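Welcome! Take a look at it first, and then we can walk through it together.

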Amino acid sequence: MSSVATAARKRPTPPAIRFAGGVLRLLATVAFTFFGLLLVTFLIGRVVPIDPVLAAVGDRAPAEVYQRVRTELGLDQPLYVQFYRYAMAVLSGDLGRSVLTSNPVLTDIKRFFPATFELATLATLLGVALGIPLGVIAAARQNRAIDQAIRVLGLLGYSVPVFWLGLMGLVLFYVHLDWVAGPGRIDVAYEDLVETRTGVILLDSALAGNWEVFRNAFAHVILPASILGYFSLAYVSRMTRSLMIEQLRQEYVVTARVKGLSEARVIWRHALGNVMVPLITVVALSYANLLEGSVLTETVFAWPGIGQYITNSLLSVDMNAVLGGTIVVGAVFVGLNLFSDLLYRVFDPRVR
Amino acid sequence: MTASLLEIADLRVSFRTSRGISEAVRGVGFTMGREKLGIVGESGSGKSLTGRSILRLLPPGATLRASRLVFDDIDLLAAGAATMRKLRGRRLAMVMQDPKFSLNPVMTVGHQIAEAYLAHQRASASEAREKALAMLEAVRIRDPHRVYDLYPHEVSGGMGQRAMIAMMLAPDPDLLIADEPTSALDVTVQMQVLAILDDLVSERGMGLIFISHDLRLVASFCDRVLVMYGGRVVETIDARRLAEARHPYTRGLLACLPTLEGGEGELATLQRDPAWLAAP
Amino acid sequence: MSEATASREWRAWLTAEAPSSRLHARFVRGYATALIFLRNPLALTGLALVVTLLAVAAAAPLLAHGDPVAQDLSRRLKPPSAAFWFGTDELGRDIYTRILYGARITLGIVSLVVVIVAPIGLLVGCIAGYLGGVADGILMRVTDVFLAFPRLILALAFVAALGPGIENAVIAISLTAWPPYARIARAETIVLRDSDFISAARLLGASPGRIVLLHVMPLCLSSVIVRVTLDMAGIILTAAGLGFLGLGAQPPSPEWGAMISAGRKFILDQWWVAAFPGLAICLVSLGFNLLGDGLRDVLDPKQR
């Protein structure tokens with residue numbers, strides 16, 4: 001069996017199959033990650049020092065009641081059985097019931113998610129719209145004053161606590177300058193004036209043509225979105241800068257200059273074009289990071305999103321709600337990673 | 001040999017390193033007309049930098065000095081950025097070594113050629129496309145319409161290099177610098193690409209600077225040969241009279257080259273004399 | 001005259017192109033590295049800030065204006081003045097003093113996390129990289145899983161379960177902070193395991209454990225150090241976030257995040273209660289970030 005003969009017999013796998021294989025591998029990784037997430041949340045739920053049975057029956061219940069409730073809750077089963085039950089429940093959408101609101105956790109989360117979505121999306125749009133150009137400019141003028149300034153601006157975004165910046169922003173722009181509205185999503189007077197179609201007040205009011213509500217909602221969202229947007233900007237500009245620097249070192253950039261193209265075209269059309277695909281990953285990851293930051297921002301701005309839901313549940317030790325929220329945010333996190341990976345594969349002509 | 005196209009005197013390119021200033025090109029000078037000039041040297045001899053100096057596209061951190069750098073009566077040293085941009089592409093062009101890296105990976109081959117044309121010519125998109133297709137034909141690519149829409153990674157090395165040549169010749173420049181244009185190609189493809197280059201350069205009456213490490217290739221292809229060593233030109237000679245070379249480095253190079261006819265036992269190796277690094 | 005020649009001799013020794021011994025070579029490289037670092041003004045600023053943090057934490061009792069937990073309701077919520085540089089908080093405590101002592105808490109949390117996370121990450125990564133195959137696959141899957149978790153949220157869930165407190169906060173942060181180190185260590189190990197000196201050690205009969213611990217892990221250190229410095233700011237911010245939510249150090253501990261939370265109620269009129277702890281967090285994080293950036297430029301130039 002000569003190696004030459006074997007090599008000649010192997011036909012290269014067609015690109016379509018390679019692509020599908022890559023996607024399947026990705027999905028497997030995602031499934032595995034989600035499994036890990038469930039496992040971790042399950043374990044966290046089990047380390048709670050509070051005995052859930054006692055919490056249900058009170059500490060004066062007789063032994064038989066205790067045992068009965070224990071069996072009902074499935075706590076007498078071995079750990080892996082409990083986990084299996086837990087995983088099945090979660091996958092079917094049952095995240096338990098919130099102790100605070102008595103609603104199923106999933107219902108609560110569905111109610112609060114649009115607010116977080118609105119905030120995170122707006123913030124990402126701001127961050128990307130400003131962050132990419134800043135990163136490109138910094139790379140084009142590497143090591144000069146403007147580059148240092150943009151880098152420090154970005155580094156500050158990595159150094160400043162989001163909740164503190166939010167507070168300072170409120171003091172400056174709301175209290176002293178009166179440029180924006182205060183905490184909360186909308187003034188009480190405008191609450192429920194517009195029919196909830198998407199859950200995103202800006203969209204709903206625009207769709208209904210109610211511009212007064214829109215303006216008020218905008219006045220409320222602009223400050224938290226800008227604060228969160230700054231963090232997105234810091235990350236996006238930093239990534240863009242390093243990606244661009246690497247591109248500007250490539251030979252095709254020399255070719256473009258040899259052709260006599262203007263510097264602007266070389267940078268914005270040739271170099272940036274090669275950076276778009278990795279930037280997609282950057283944007284998706286930035287969005288995911290903002291979801292995290294929203295936990296703290298929503299507390300500061302009294303924004304009725306998932307972050308505040310988790311925080312409130314935390315303070316009342318409503319473990320079902322906390323863990324349910326963790327699973328949902330974690331799942332979105334993982335989902336975003338998968339999405340960005342898929343986009344990368346679809347758009348990069350070389351990876352295809 | 002027509003009137004001089006390019007005049008260079010005392011060209012020096014230096015870099016600032018952690019150990020002081022290092023001169024990579026040390027007083028290179030030559031004059032050329034619309035001829036094929038070869039520059040031969042080993043790595044580190046400064047030949048590539050000499051080529052890039054003409055276009056004033058040196059890597060960051062490099063300093064260029066010369067007592068004379070004139071292209072067709074235009075002083076390249078004094079030229080501002082706008083003037084250089086107008087010259088590049090339209091009158092001066094450069095083909096680089098490896099099309100895998102020198103072509104933009106996310107633009108189609110045809111589009112890059114059309115762009116080279118549009119950079120210096122006011123034309124519509126379809127006119128540019130026609131010109132690009134014509135150029136692809138001129139470099140003997142058999143199916144120009146198909147290749148136009150391909151990405152650089154989808155074409156072979158030889159085709160990519162021909163596309164590169166098409167791109168650089170589209171605006172019809174007067175001087176082409178070819179920096180190791182065939183070094184990344186298979187030997188058989190090398191000959192094809194060189195033949196295309198030869199024909200096009202002769203047809204258009206262009207000047208060509210052919211930079212390479214391959215002495216025999218350069219000699220067979222060019223009219224005159226410059227041999228560089230350690231940042232200096234150690235010999236200038238007509239290609240036909242290469243066997244009469246006088247500088248020991250050139251003679252050493254010639255002696256090292258194996259020939260098909262076989263030779264006298266052991267192959268000679270180059271004995272370097274530190275005196276070659278000193279100023280002539 | 002002799003001073004000039006002495007310093008010239010030192011310089012010659014430190015920049016020698018052909019060092020005379022291994023120790024000499026180390027000095028030569030260290031000098032070159034230090035020079036590049038010292039030329040970077042931002043990195044120097046970072047270093048200065050970090051050194052200041054360490055000095056302040058160490059010398060807190062000397063620099064402070066008294067007891068950080070001493071209450072005096074008669075002077076509550078006083079604005080910054082000559083007596084109280086940063087003003088007083090709602091219980092009349094000197095904010096400046098509390099910030100100084102808070103530096104200790106911050107440093108403590110960060111050090112604990114690093115001490116837990118770096119060795120674990122290094123070990124997991126080196127083992128995975130060295131053994132390869134199934135062990136590598138499993139370890140890396142586990143690492144990826146933890147890497148994909150939202151750090152703050154998971155820390156929240158953890159602290160919610162176990163109750164607030166510094167120890168739980170440290171564990172919670174450590175849970176999600178170790179994966180990047182495992183990745184780095186694995187990448188370096190994979191490059192190293194095929195090198196000749198590792199093969200030589202194997203031929204000499206060294207056990208895999210010995211090779212990993214004594215030969216491979218020390219070589220991964222420089223990348224890990226860079227990453228640690230870059231991560232510090234994130235750890236500080238996460239810890240502050242936990243403190244802000246009341247899940248970190250408990251009152252009356254002068255933890256910076258908790259101080260901001262306490263100052264939130266008075267933000268409208270007595271802005272200084274929340275402002276100064278936040279500034280402290282900013283400066284310290286910025287210092288670590290600048291330092292980390294500078295270190296990375298010097299030690300790992302390919303990793304821009």
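This is a predicted model: local features need pLDDT of at least 70, side-chain atom pairs count only at pLDDT 80 or more; totals for chains, interfaces and linings use all residues.

Two residues are in contact if their C-beta atoms, placed from the backbone, lie within 7 Å.

**Chain C as a whole**
- Chain C has twelve helices and zero strands.
- Its C-alpha atoms fill a box of roughly 75 × 65 × 30 Å, taken along the principal axes.
- Chain C has 304 residues, and 44% of them count as buried.
- Among the contacts in chain C with a separation of 6 or more, 68% are between residues 24 or more positions apart.

**The nonpolar core**
- The largest nonpolar core has 251 residues.
- C:Ala157 belongs to the group with the most contacts inside this core, along with B:Ile113, B:Ala166, C:Leu156, C:Ala169 and C:Ile236.

**A kinked helix: α3 of chain C**
- Helix α3 of chain C covers residues 41-63, and a straight helix of 23 residues would span 33 Å at 1.5 Å a residue.
- The end C-alpha atoms of α3(C), however, are only 28 Å apart.
- Where does the kink in α3(C) lie? You will find it at C:Ala57, with an angle of about 50°, shortly before the proline C:Pro61.
- The buried residues of α3(C) are C:Ala43, C:Gly46, C:Leu53 and C:Val56.
- What covers these buried residues includes three helices of chain C: α2 (22-38), α4 (95-131) and α12 (272-299).

**A closer look at C:Leu147**
- C:Leu147 lies in helix α5 of chain C, which covers residues 133-147.
- Is C:Leu147 buried, exposed or partly exposed? C:Leu147 is partly exposed, because 17 other C-beta atoms lie within 10 Å, whereas a buried residue needs 20 or more and an exposed one has 12 or fewer.
- C:Thr176 is 29 residues away from C:Leu147 along the chain, yet their C-alpha atoms are separated by 6.8 Å.

**Confidence in chain A**
- The mean pLDDT of chain A is 84, and 93% of its residues reach 70 or more.
- Within chain A, confidence is highest in helix α11 (residues 251-258), at a mean of 95, and lowest in helix α1 (residues 3-9), at 48.
- Over residues 1-8 of chain A, pLDDT stays under 50, and the model has one contact beyond four places in sequence for this stretch.

Methods:
Residues are numbered from 1 along each chain as its sequence is written. Chains are lettered from A and ligands numbered from 1 in the order in which they are written. Helices (H or I, at least four residues) and strands (E, at least two) are DSSP runs, numbered from the N terminus. The expected span of a helix is 1.5 Å times one less than its number of residues. The bend at a residue is the angle between axes fitted to the seven residues ending there and the seven starting there. A nonpolar core is a set of buried Ala, Val, Leu, Ile, Met, Phe, Trp, Tyr and Cys residues joined through C-beta atoms within 7 Å. pLDDT is the predictor's confidence in each residue, from 0 to 100.
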